[in-house]
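Let's walk through this structure together, one part at a time. Keep the sequence and the 3D view side by side as you read.

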Amino acid sequence: MKKLFTYLTMVFILLSLVSCGPQDKASKQDEGAGPAEKYTDIKGNKPKKEQKDIDYSAVKPNELGQVMILMYHDIGDKESEWVRTPDNFRKDLKTLYDKKFRLISLNDFLDGNIKTAAGYTPVVITFDDGDLGQFKVKMAGGKPQPDPDTAVGILIDFCKEHPDFGSCATFYIYHPLPFREKEYIDYKLKFLVDNGFEIGNHTDTHSSLSKLDGNGIEKELGLNVWHTQRYLPGYKVNTLALPYGSVANEYTKYLLDGRYEDTVYHNKAVLLVGANPAKSPYDAEFDNIKLPRIRASEMDVEGFGLYDWIKYFNKHPDKRYISDGDPDTIVIRKGMEDNIRKGEFGNKKIISY
Ligand SMILES: [Zn+2]
């Protein structure tokens, strides 16, 4: 509580220093501003070197553009609607890399902590269900390792070979047998967290929340967290992917916050099943309780699968999020100031060009 108060005080001081609120800052402070060199920070200091070096007209940052949150299920030998083969998954990663997409974590996306290099587009990868093909153990020298043909192994190898691709994925698991090898649950969950992956809530028993009331939802979500924390004490499970993508409208508040017995849970965001890119977290229309995902599949996704959206962004480059490389600024096109989400990210400088 004390920490929160100190934080709020700091935010307040920061807001008073810029002389107007974050929503006014865009329209007043930055109106008519040109290249980045003209800007000073709130203490009157010159901008950081790397920021000054960005030529906005060449890089064309668009931090109100859209971001793809990809949804995968299993990785396996036989391609199907919900299964990607190891080679197809590698192809997806390579295509994203070549098309200037860069991996970030879902939490960084939600927090607006987007450090993607200037001129590149962030992309988030998620996996649902905790299938074996996502993380299978292969023994090497008597020690468990991720099988190089399962999602975790493929991602780690790809990111090693392409260090500027970034890393991370979120795994939405349910219990009691995430990743389907009883003897390795503990190893796998710890491995994921130790290697920068995130673990999310996919209910405790892969239950359709549309069939449950508030208490039922709290039980499913609280028990998931309780089970995960048995392996990872203190780990913050803070995002939820809805099984079957549904919940009854009157109970949506239980998705973000609730309690089951001694376990309290909080979710920053709720992820749906499909079928569009997500709004930028800075966009006024960003809705953390209905975050759309794109199905990373080539079967039965005509018009709305990963490759359709890559084509769409090729055709409409102005629709995609393009980073300025600085997580502390929100760089947007002139005239878009009113599209910024109010009351959030007040500590970031808004620059329009
Ligand atoms: Zn599922």
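This is a predicted model: local features need pLDDT of at least 70, side-chain atom pairs count only at pLDDT 80 or more; totals for chains, interfaces and linings use all residues.

Residues are numbered from 1 along each chain as its sequence is written. For the chain, the mean pLDDT is 88, and 85% of the residues reach 70 or more.

Now look at the overall build. The chain has 11 helices and 16 strands; these are DSSP runs, numbered from the N terminus, with helices being H or I of at least four residues and strands E of at least two. Of the 353 residues, 40% are buried. A residue is buried if 20 or more other C-beta atoms lie within 10 Å of its own, exposed if 12 or fewer, and partly exposed in between, with C-beta atoms placed from the backbone.

Next comes the interior. A nonpolar core is a set of buried Ala, Val, Leu, Ile, Met, Phe, Trp, Tyr and Cys residues joined through C-beta atoms within 7 Å. The largest one has 62 residues, and Ile69, Leu70, Val124, Ala151 and Leu271 have the most contacts inside it. Strand β1 gives the largest share of this core, five residues. Apart from it lies another core, of eight residues, including Leu64 and Val331. Leaving out residues up to four places away in sequence, Ile69 touches several others, among them Val124, Leu271 and Ile294.

Which residues are buried in helix α11? In this helix, residues 306-315, they are Leu306, Trp309 and Phe313. Seen down the axis of α11, these fall within an arc of 65° (taken from the directions from the helix axis to the C-beta atoms), so they line one face of the helix. The face turned away from that buried side carries the exposed residues Lys311, Asn314 and Lys315. The buried residues of α11 pack against β1 (68-72), α5 (86-98) and β14 (294-295).

Finally, find helix α9, residues 214-231. Its buried residues include Ile217, Leu221 and Val225, and the buried residues of α9 pack against several elements, among them α8 (185-194) and β12 (263-266).

Key
pLDDT is the predictor's confidence in each residue, from 0 to 100. The expected span of a helix is 1.5 Å times one less than its number of residues. Two residues are in contact if their C-beta atoms, placed from the backbone, lie within 7 Å.
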